[in-house]
Amino acid sequence: MTQDVQNVVDHFNLFRSPEYKEMFADKRKNFEFAHPDEKVEETAEWTKGWEYRKLNFEREALTINPAKACQPLGAVFVAVGFEGTIPFVHGSQGCVAYYRSHFSRHFKEPSSCVSSSMTEDAAVFGGLNNMIDGLANTHSMYKPKMIAVSTTCMAEVIGDDLNGFISTAREKGSVPADFPVPYAHTPAFVGSHITGYDNALKGIVSHFWEGKERTPGDKINFIGGFDGYTVGNLREVKRIFDLMGVNYTILADNSDVWDTPADGEFRMYDGGTTLDDAKAALNAKATISMQQYCTEKTLDYIAKTGQETVAFNHPVGVAATDKFLMELSRITGLPIPDALTKERGRLVDAIADSSAHIHGKKFAIYGDPDLCYGLAGFLMELGAEPTHVLSTNGGKEWEIKMQALFDSSPFGKDCHVYPGKDLWHMRSLLNTEPVDFLIGNTYGKYLERDTGTPLIRIGFPVFDRHHHHRYPVWGYQGTMNTLVWILDKIFDEMDKSTIVPAKTDYSFDIIR
Ligand code: SF4
């Protein structure tokens, strides 16, 4: 059990040593009821059947492994997308440690965010003093150009009034009188990280736009939504806009801050939408959102200023990208350039080359409602069946839209949509109605092990594979990446099932 400084054993092997094995056995015997192995096995088997599935789907008062995070995570995602902006979460420190570690593990980058560090006294008497001190410290220590405030459960349960608190802090000199401190209430017990994204973005644009006169121009605002591929996707979207000659502003552009170079300089802030651009975005001709369910309140607010708003559902695939580009062309009056038409042709060629391997395969998908919609549409385009589509933060409206998508294709005939369900429901689905592949985030690896369904990691967070976030999944080129990730897994599985010499290796083929 003791480590040797000359030969420090990694935990993989350390916990397999005899001392640890003995300790785990004692723990099981003395603290974990020590049910006989056969009984554990028998119960586990029972949970894989239809009887348990029925009980599982009748579950009301308990959520097990929800495929969503809480609102402030989405608020932090938005805040770091503005020039020199530090997210400030009014609430407890532990929550903020979670947001920072979640983003750092996914993007492999430091993620800066501060907390007002509320503790027991603030929970009883309110967090006004924490706000006053927190804003002053943040302003003096981190020299931001903007502090974007959101809240954790704790502040919301108490009912802290952000507007009043920030005004008081301003009066007491925590920040200069004209320093921007947009805010959004982001109660974590309502909605999810996509609701928090929406609330925070609306909070920031309304901070700059409220009471201002709009002078319509020809610029286009673009909003990506909460997206694990934001680094690759926003750069791809900029490339497409530049190819078309679109005059644009990306709102909440966090593609640089989560991809800083290792050159000896720490960048707490990098890139982001400039505050001047954020102000001027009021005058845009239209705002395009790539994720409808991430931006409902924001688009509603923007539409009321007189701009046209258009929302997509995480478009992936030929048809979805066509629709995105044609809408862009309609709004801007600019033609789609030959370079993009050629990329489309290359994607169609790649799909034709590989479709025999994907056609007819059954998939289960889980994730945010827009991502699920985009991926399900792409799979049907490939002739595959998105048999189970589950979104913990998907609601009734999403359910109806997903069903309409299924109804639009013969490949959607046997597909079902599951709004508001969690990954324990997904386990029942995979056990009772098996599919060929599962698409989801890193947490799907437990389902992969438990049900034997191979996992294709697409979504957020992806911790246990590196750098996928640098690749786009939008546009024709992004769709090509998505196609390759799906195909790689299909071929890995095909290789695994044809690997035993003289038994199954008759088709262990070099040429797939
Ligand atoms: S759910 Fe509440 S307590 Fe948990 S991390 Fe989110 S804000 Fe903090």
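This is a predicted model: local features need pLDDT of at least 70, side-chain atom pairs count only at pLDDT 80 or more; totals for chains, interfaces and linings use all residues.
Which strands does helix α15 (residues 318–332) lie across?

1. Residues are numbered from 1 along each chain as its sequence is written, and side-chain values use heavy atoms, leaving out hydrogens and water.

2. Helix α15 lies across β4, β6 and β7, and runs at about 170° to β7. Angles run from 0 to 180 degrees between N-to-C directions, with axes fitted to C-alpha atoms, for helices over the stretch in contact. Helices (H or I, at least four residues) and strands (E, at least two) are DSSP runs, numbered from the N terminus.

3. Those strands belong to an open, parallel sheet of four, ordered β5-β4-β6-β7. Strands β5 (248–251) and β7 (308–311) are at the edges with a single partner each, so one side of each has no neighbour in the sheet. Two strands pair if DSSP finds at least two bridges between them; β6 (residues 286–289) and β7 are joined by four.

4. Now turn to helix α10 (residues 162–171), where Leu162, Phe165, Ile166 and Ala169 are buried (under 20% relative accessible area, 1.4 Å probe, protein chains only). These buried residues fall within an arc of 95° seen down the axis of α10, so they line one face; the arc is taken from the directions from the helix axis to the C-beta atoms.

5. Just after α10, look for Gly173, which has a positive phi of about 85°.

Note on methods. Contact means heavy atoms within 4.5 Å. Buried means under 20% relative accessible area, exposed over 50%, partly exposed in between (1.4 Å probe, protein chains only).
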